[in-house]
There are 2 protein chains.
Amino acid sequence: MALSVREQIADNSRIDILSAAARCFMDRGYAAASIDEVARSLGATKGRIYHHFPSKADLFAAVFRHGMDLNYEAVRPFIDLPGSALPRWRRMAMSHVLLMIDTKPFQRAVWIGVEMHLRGATTPEQRSVFNELIEYRHNYGMLFRNTLLQGREEGVFRFDDLSITNQLMFMTLNSPIFWYTPRVGETRSDVEGVAKKVVEYALGGLSKRREEGV
Amino acid sequence: MALSVREQIADNSRIDILSAAARCFMDRGYAAASIDEVARSLGATKGRIYHHFPSKADLFAAVFRHGMDLNYEAVRPFIDLPGSALPRWRRMAMSHVLLMIDTKPFQRAVWIGVEMHLRGATTPEQRSVFNELIEYRHNYGMLFRNTLLQGREEGVFRFDDLSITNQLMFMTLNSPIFWYTPRVGETRSDVEGVAKKVVEYALGGLSKRREEGV
């Protein structure tokens with residue numbers, strides 16, 4: 001159902017805030033980021049932010065959730081593609097990597113959340129929200145699971161430990177959030193070229209090497 | 001030349017402080033870590049820490065530098081091994097991954113430093129120290145460069161962009177600092193098994209896949 005004009009304005013405003021907040025979390029880290037600064041970067045009042053998000057923790061959770069929503073959206077069209085695993089894996093992986101590049105501030109915020117969770121840096125009140133977010137992210141990772149297993153069955157992937165392999169694959173596919181920066185005059189096809197290198201590297205890790213023979 | 005007993009005690013004390021500090025930076029992040037807490041975790045006075053490190057920034061720089069010193073030490077014995085690239089690369093990579101696992105708090109502190117540098121979160125006074133540390137880390141990465149190029153020349157590695165490939169390779173080799181946790185009853189050979197999976201994944205990314213033919 002289409003949103004009313006009023007709902008649409010409210011929605012745009014929410015997305016603007018999330019985007020500004022994602023950039024702020026990426027640039028300053030969780031502790032140093034503030035609603036004040038997010039408001040300033042939007043030329044908005046603090047009240048406008050608080051209207052949507054009662055606290056920095058709420059704002060951060062919404063950024064994390066939106067980053068993961070984008071991931072699900074990017075990959076969902078491909079997860080049920082029929083046929084052999086390799087072409088499906090390629091499309092899922094390519095879509096994931098392009099999203100890492102295109103929504104880097106959101107994905108870095110997700111990463112900040114994972115690190116806070118890893119070191120137990122969340123307050124008791126945050127913990128249940130964080131557990132839910134981390135689980136949401138974990139379930140996203142599981143979307144690749146069936147394709148990995150099918151690929152192994154079909155003999156194009158070789159791995160024994162699914163969980164370690166999944167970690168290694170995602171570290172590779174996520175890594176542009178740390179090292180990618182747009183070059184001057186870069187075209188969309190340049191970006192796709194970078195994403196393709198990432199996908200091929202990750203695929204190599206999953207595959208039998210030529211030297212290993214059949 | 002051997003250290004005198006007095007020098008050796010001073011040196012052990014320095015290493016103890018660095019180890020406690022690395023763990024503190026890993027567990028709390030840079031902003032929340034404090035010399036107070038490092039002292040407490042050692043059952044030492046703040047004075048003992050300040051005797052070695054005049055500020056938190058100095059302590060952090062020393063932890064980062066020590067982490068990188070360990071990297072250089074681990075890989076140096078292999079970089080000039082004669083012969084073909086692949087066995088040399090394997091030994092360098094294995095040594096690197098085992099070190100990531102064995103000295104995780106130091107390596108996480110290095111990562112914290114890289115992230116602070118990425119987001120420009122350093123003060124003007126810290127900047128020159130940080131630039132030097134980041135360069136020290138960059139040069140470490142370059143130790144793999146010749147072996148990668150030689151491997152490509154020998155036809156066992158396939159890649160076109162050395163810089164992206166180096167990033168992807170290191171993201172894979174470094175990743176245990178994020179996901180590795182010792183399992184109950186784990187032996188040294190279990191740890192080596194985990195490290196081997198990481199090395200083989202990274203190698204797969206560098207190599208021609210079986211499907212690609214000769």
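Trainee: What feature does UniProt place at residues 34-53 of chain A?
Mentor: The unreviewed UniProt entry places a "DNA-binding region" there, with positions given in the numbering used here, a shortened feature name, and the caution that annotations may be inferred rather than shown by experiment. This is a predicted model, in which local features need pLDDT of at least 70 and side-chain atom pairs count only at pLDDT 80 or more, while totals for chains, interfaces and linings use all residues. Residues are numbered from 1 along each chain as its sequence is written, chains are lettered from A in the order in which they are written, and side-chain values use heavy atoms, with hydrogens and water left out.

Trainee: How much of residues 34-53 of chain A is helix, and how much is strand?
Mentor: The span is 75% helix and 0% strand, with its end C-alpha atoms 12 Å apart; helices (H or I, at least four residues) and strands (E, at least two) are DSSP runs, numbered from the N terminus. Chain A as a whole has 11 helices and 0 strands.

Trainee: What makes A:Lys197 and B:Asp160 a salt bridge?
Mentor: A salt bridge is a side-chain nitrogen of Lys or Arg within 4 Å of a carboxyl oxygen of Asp or Glu. The N to O distance here is 3.4 Å, so the pair meets the definition. Between chain B and chain A the count is 4 salt bridges.

Trainee: Which element gives the largest share of the side of chain B that touches chain A?
Mentor: That is α11(B), with 10 residues. The contact (heavy atoms within 4.5 Å) takes 43 residues from chain B and 43 residues from chain A.
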